[in-house]
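Welcome! Please take a look at the structure before reading on.

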Amino acid sequence: FIFLIISSVSVNLFILITDNTNGLLPTIISRCQHIKFTPPMKIEIEQQLIERGEDPEKSRVLSYLINVNMESILSADHHELLEKRSNIFLVFQKLIRKRDIADVLLDLTHRSRSRDKFIRYFVELVNLMIILLRDLMVLKIDRDSTAIINIDYKKTLMDLAHQISIEKLLFLIKNMELLFRDISRNLNSKVLILEFIKNFTSPEEIHV
């Protein structure tokens, strides 16, 4: 948003940047010129990574892990991103199999002691959960599909797909997206954690 104030003495220009207009007062929004910037498409990021010598399979995964600006392609630590994905995938397996849930809860509770660090991790966690759930949905529909994002995890994902219903997948995808909304509302960390765990441990949902 660009906010321009003109007086007899000087011209003041304020540039407001936000990814959530709901956080701004209506009186401010009404006085701004709105300029929307769209993030690069995943296929564009993937192509840039391939052109920079990254393995095509890894490029596809990284395009979903790298932040939404092209500059991050140069600055992001690809090894670190893949390591984070590996760690979160272990959490994902525990949740889908409903094993060692207490360990997941304790880890999230420990991380929540520092809210800023927790929120950064939680955003990464929920974002990757949505991608993994999407892969499970694809495999539930077509086990031979090559459209899954985490193709290197296909064998394990196939096993997980047998342990969850399509109804539950739809329920989880919808509620993971709602968690993003709750994060932007600055919801209490403990509430976020409990809601996150409850979504995976609750009985199968038929109506979504």
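Predicted model: local features only at pLDDT ≥ 70, side-chain atom pairs only at ≥ 80, totals over all residues.

## A word on angles

## The overall layout

The protein chain holds 10 helices and two strands. Starting at the N terminus, the elements run β-β-α-α-α-α-α-α-α-α-α-α. Of the chain's 208 residues, 35% count as buried. If we take contacts between residues at least 6 apart in sequence, 60% of them join residues at least 24 apart.

## Helix H6 and its two partners

Two packed helices are described by the angle between their axes and the distance between the axes. Let's begin with helix H6 (residues 101-111) and helix H7 (residues 115-141), whose axes come within 9 Å and cross at roughly 140°. H6 and H7 are therefore oblique to each other. On the H6 side, Asp107, Leu108 and Arg111 make the contact, and on the H7 side Phe118, Tyr121 and Leu125 do. By class, that gives four nonpolar, no polar and two charged residues.

How do H6 and helix H10 (residues 189-201) cross? Their axes come within 10 Å, at an angle of roughly 165°, so H6 and H10 are roughly antiparallel to each other. The crossing is right-handed. H6 brings Ile101, Val104, Leu105, Leu108 and Thr109 to this contact, while H10 brings Ile193, Phe196, Ile197 and Thr201. These residues divide into seven nonpolar, two polar and no charged.

In soluble globular proteins, nonpolar side chains tend to be buried together. Here, the largest nonpolar core has 52 residues, and Phe92, Met129, Leu157 and Phe196 touch the most other members. Elements giving two or more residues to this core include helix H2 (42-51), helix H5 (78-97) and helix H9 (166-184). Which helix gives the most? That is H7, with 16 residues.

Leaving aside neighbours within four places in sequence, Phe92 is in contact with Met129, Leu132, Leu133, Leu136, Leu157 and Leu160.

## The buried residues of H3

Helix H3 (56-65) also gives two or more residues to the core. The buried residues of H3 are Ser59, Val61, Leu62, Ser63 and Leu65, and they pack against H2, H5 and H7.

Note on methods:
Residues numbered from 1 in each chain as written. Heavy atoms only, no water. Axes fitted to C-alpha atoms, helices over the stretch in contact; angles between N-to-C directions. Helix = DSSP H or I, 4+ residues; strand = E, 2+ residues; numbered from the N terminus. Parallel < 35°, antiparallel > 145°, perpendicular 65-115°, else oblique. Contact = heavy atoms within 4.5 Å. Nonpolar A, V, L, I, M, F, W, Y, C, P; charged D, E, K, R; others polar. Left-handed = near helix turned anticlockwise from the far one by under 90°. Core = buried A, V, L, I, M, F, W, Y, C linked by side-chain atoms within 4.5 Å. Buried < 20%, exposed > 50% of the residue type's maximum accessible area, 1.4 Å probe, protein only.
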